[in-house]
Amino acid sequence: MTQERKNRILSPREMGECREYTEKMRQLNEGKGKKVFVLTFGCQQNEADSEKLAGMSMDMGYTVTKDPHEADLILVNTCAIREHAEKKALSIIGQYKHIKAARPETMIGVCGCMVVQEHRAEEIKFRYPYVDFIFGTSSLHRFPKLLYDKTTKGKRLYCPQESEFCVAEGLRINRESNYRAWVSIMYGCNNFCSYCIVPYVRGRERSREMHEIVAEVRDLAQRGYKDITLLGQNVNSYAKDSEFTYDFADLMAELSKIEGDFLLRFMTSHPKDASKKLIDTMAQNPKIARHFHLPMQSGSDEILAKMNRRYDTKKYLETVDYLREKIPGITITTDIIVGFPGETEEDFEGTLNMLRRVKFDMIYSFIYSPRKGTPAAEMECQIPDSVKSERFNRLLAVQNEIAFELNQQEVGKTLRVLCDGISKNNEKVYSGRTEGNKIVFFDGDESDTGKYINVKIDRAEAFALYGQKV
Ligand code: SAH
Ligand code: SF4
Ligand code: F3S
């Protein structure tokens, strides 16, 4: 086991190489005012990786720009979770052809989950010849060397994935926000849900050591961060991949001891191993936000089995009931997939019934998208698109009613909201999120951004609460 771990935590030599090429790039870029643009698709894990890519670029002498047209280096961090995510990324990469034509010296790199798949790497190679380099999710620490080799040797470079997955500590992070932060606590996934591409593109689970995470969170708390989300594809299996003597609940308990006015969150918990110990830890520690995201995926035991989720609706409900018993008022959210192969009308009704039984505050719903190389893509009885979208709309209608009713219970309450600034859709209104992660619109001002504001809720809809500052 120890030997295995040694192989996976990056050795000082490898990190030394990362630093060496960062320094070489910095010297090449010195005084040239170079700019980097990073575009991110996909989940929070990808957002967190992009913050590292931006941080590493800054160490190499780039400043960050929000305009790809003025960038000397463009990085597209892709996602492969559904076909739509891949299409969006490919379409943007297609548009960058014009940028390359106008400014041939602009370097374009494509990274992330999509290009780990061989067929997509090949596609980029042949259909997007102006892409300078690609690298996979396990190769973030190789990025400076790749960039250096590309800059000095000029050849197109392909590094879709390392054979060895690892944990790289000490990479600079350029955080997008100065009050909300992502902290990756583990990488990869061992679950192989039959529909999901993640284990193939992110490799096996590997956890960071607790002391590294504690140091990162302590530093964030000291710098005034208010909302810190721990990331992993299945945080409940944190540390199980190693000889560590602690588990995820122990980590949460340890982090809760850190001083400061902040809340801790985590994503994502797999229902098969969301432990009572974790729920008890949450109940005992007010620093852990009273919000639990527990992806159910389906309310049919047959479909759950075919999905290889390894829990049934009974087990799922037991966890929900325990959560509500121990943490009254907790917000519970979930992910649902509609139209998994073989899903009958009865299976789908099972999902609707679970929605009515659990009463989720919010659901993230997805139409099943076959992923090349996953078992579900090969299953018989794929559901026609028309049936999928019809079910999807019915699901949303049922959930809207539930969320609307639940949100009415918030009217009249005064809630503490972390303000995110002016709302994207209405410039007169400010938005923020409650401890339960519900969106609140209110009459704020610019100085509220990044602060906790008390808002009295006077109106509620299915997706948001509305109120006035008190
Ligand atoms: N690790 C997390 C989920 C990561 S992916 C977990 O296990 O909960 C986020 C969500 O995308 C999943 O929960 C699932 O609902 C959805 N998803 C994954 N693969 C999909 C596919 N092939 N088609 C549609 N939705 C999918
Ligand atoms: Fe995908 Fe399942 Fe792993 Fe989540 S737990 S990332 S859904 S394989
Ligand atoms: Fe997408 Fe990769 Fe995340 S496939 S959802 S970016 S882990």
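So, Arg-459 and Tyr-466: the charged end of Arg-459 sits over the Tyr-466 ring, 3.9 Å from the ring's centre. Keep in mind that this is a predicted model. There's another arrangement of this kind, with the charged end of Arg-416 over the ring of Tyr-452, and there the distance to the centre is 3.4 Å.

Okay, on to rings with rings. How many aromatic pairs does the count come to? It comes to 15. Take Tyr-128 and Tyr-130, which pair edge-to-face, with 80 degrees between the planes and 6.3 Å from centre to centre. Are these two buried or exposed? Tyr-128 counts as buried because its relative accessibility is 8%, and Tyr-130 is buried too, at 13%. Then look at Tyr-238 and Tyr-246: that pair is stacked, with 20 degrees between the planes and the centres 6.1 Å apart. Tyr-238 has a relative accessibility of 0%, so it counts as buried. And there's a cluster of phenylalanines, made of Phe-133, Phe-135 and Phe-143.

Now the ligands. Which residues surround ligand 3? Gly-42, Cys-43, Asn-46, Cys-79, Ala-80, Ile-81, Cys-113, Arg-202 and Gln-233. By type, that shell splits into 5 nonpolar residues, 3 polar and 1 charged.

Over at ligand 2, the surrounding residues include Cys-189, Cys-193 and Cys-196, along with Phe-192, Tyr-195, His-270 and Arg-309. Gln-233 is on the list here, and you'll remember Gln-233 from the shell of ligand 3. The ligand 2 shell divides into 7 nonpolar, 3 polar and 1 charged.

Notes. Residues are numbered from 1 along each chain as its sequence is written. Chains are lettered from A and ligands numbered from 1 in the order in which they are written. This is a predicted model: local features need pLDDT of at least 70, side-chain atom pairs count only at pLDDT 80 or more; totals for chains, interfaces and linings use all residues. Side-chain values use heavy atoms; hydrogens and water are left out. A residue is near a molecule or strand if one of its heavy atoms lies within 4 Å of it. Ala, Val, Leu, Ile, Met, Phe, Trp, Tyr, Cys and Pro count as nonpolar, Asp, Glu, Lys and Arg as charged, and the others, Gly among them, as polar. Rings of Phe, Tyr and Trp (its six-membered ring) pair if their centres lie within 6.5 Å; planes under 30 degrees apart count as stacked, over 60 as edge-to-face and the rest as tilted. Buried means under 20% relative accessible area, exposed over 50%, partly exposed in between (1.4 Å probe, protein chains only). A charge sits over a ring if NZ of Lys or CZ of Arg is within 6 Å of the ring centre and within 35 degrees of the ring normal.
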